[in-house]
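This report describes how the parts of a structure meet. Please look at the sequence and the model before reading on.

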Amino acid sequence: MTDGDLVRAALEGDDEAFGEIVRRYEPAVAATVMGMLGDCPEAEDVGQEVFVRLYRSLASFRGEASLRTYLTRIAINLSLNELKRRKRRRLLFSMKPVEEHRNLPDPAASDRIGEEDLVTAAIQKLDDKSRAVVVLRLIDGHSTGETAGILGVPVGTVLSRLARAQQKLRKILLPLIGDGR
Amino acid sequence: MNKRMMSLLARSLDGDLTAEERGALDAALAGSAELRREKERLVALRAAVASSRKDSFGPFFQAKVMERVRHDRLDAGGETFLGALARAFRPVAVAGAVAVAVLVVSNLAKSDDISVPAAFGISRAASQVIMESPVEAVLEGLS
C-alpha cells in the first residue's frame, strides 16, 4: 500500500493502516528525535507525540510534502520544544548545562560501541540550530534543499550552520577520525 | 591552509559547487596533501555521524502509539467523566423539576394565599412563627 492509501484508510478509521504508518516511519522519526535529544526517556515520549500529532492532522494532510518530510517537520519541532523545556527546567532548578555535567567518553579509548556513544555525545554539544542541521543532513540524509525547507531557512544558512557544526565536531572527534597523517 | 579551499571542500560534500569552483577545488586537492588529508577527515567525520543513527525507540513502540491514539480519540470524541455523569442524571433532574412544579401548582391551588411559603405547603401561621422567633431564642433552643 502507498502512503496515500494508508492515510485514506486511517482517515476512515482503519487502525491497522495507521499502525502500518507508525511501523513504516518509526526508523525515520527515531533517527530525528534521538539525534536531537540523545538516547533518553523523553525521546520515546516525543516520538509517540509525533505520531499522535500526525493522527490528529491526518484530515488536513494534503500530500503536498511526502509523509516522511511531514513527520520529520513535526519531529524536529517537537524535539526543539523539548530542548527548550530542558533549558527552562535547568534554569528553574539552577542545574548546570549539559555541556558541564556530561563527560564525553575518551575518544582514544573508544571501541566500536563506544564510538557511537562518543559521536552522539559530541552532537549533543552542538547548539540546537546546528544540531538540527546535522541531524537532518548527515543522519537523516535529507538534501540541503530539503533540510532548508523543513527548518524554514535559506539553503545558505543550512550550509553555514553545517560548516560551523562540522568544525566543532571535528575538534571533538579528531582522535576518532584520525589526523589523516 | 587556504580558507576558501576549506570552505569549498566542506560545501563540495553537499554537492553545492559551481563548475568553476569544482575545478578550483580539484586543482587545489591535486596540489596539496594537507587538503587531501582534510578531505579524508571530513568524510570520516560525516560517516561517523551518519553511523550514530538510531532506528528504533525500543520494543512495543507501535503498540504504545496506538494506545495513545485510542485515548486521544476518546478524549476528542469528548466524553469526560463529568460529562457522562451529567448526561446520565439529566432525566432525573427533569423529573425532579416537573415534580416540584406540580407540587407548587397543587399547593397554590389548595391555598387561598399566594406566597412562597404557601407554594411549598407551609401554612401562614407556621411561617409567621418561624419568621418572628428571635434568633437568640432559636440558638438557645439548639444549645
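Which side chain meets that of A:Asp128 in a salt bridge? The partner is A:Lys87, with N to O at 2.8 Å. A salt bridge here is a side-chain nitrogen of Lys or Arg within 4 Å of a carboxyl oxygen of Asp or Glu.

## Basis of the report

This is a predicted model, in which local features need pLDDT of at least 70 and side-chain atom pairs count only at pLDDT 80 or more, while totals for chains, interfaces and linings use all residues. Residues are numbered from 1 along each chain as its sequence is written, chains are lettered from A and ligands numbered from 1 in the order in which they are written, and side-chain values use heavy atoms, with hydrogens and water left out.

## The two domains of chain A

Chain A consists of domain 1 (1-96) and domain 2 (99-181), with bounds from an automatic or database domain assignment. In domain 1, 18 residues are in contact with 16 residues of domain 2; contact means heavy atoms within 4.5 Å. About 1400 Å² is buried between the domains of chain A, 58% of it on carbon and sulfur atoms. Buried area is the accessible area (1.4 Å probe) that two parts lose on being put together, summed over both.

The rule finds one salt bridge across this domain interface. It also finds five residue pairs in polar contact, both residues at pLDDT 80 or more. A polar contact is a pair of N or O atoms within 3.5 Å; within protein, one must be able to donate a hydrogen and the other to accept it, and residues adjacent in sequence count only if both atoms are side-chain atoms. On the domain 1 side, the elements that give two or more residues are α2 (15-37) and α4 (67-92) of chain A. The largest share, nine residues, comes from α4(A). Helices are DSSP runs (H or I, at least four residues), numbered from the N terminus.

## Chain A against chain B

Between the chains, 50 residues of chain A are in contact with 35 residues of chain B. The buried area is about 3800 Å², and carbon and sulfur atoms give 59% of it.

There are seven salt bridges between chain A and chain B. B:Glu38 forms a salt bridge with A:Arg170, where the closest N and O atoms are 2.7 Å apart. On the side of chain A that touches chain B, α2(A) gives the most, with 14 residues.
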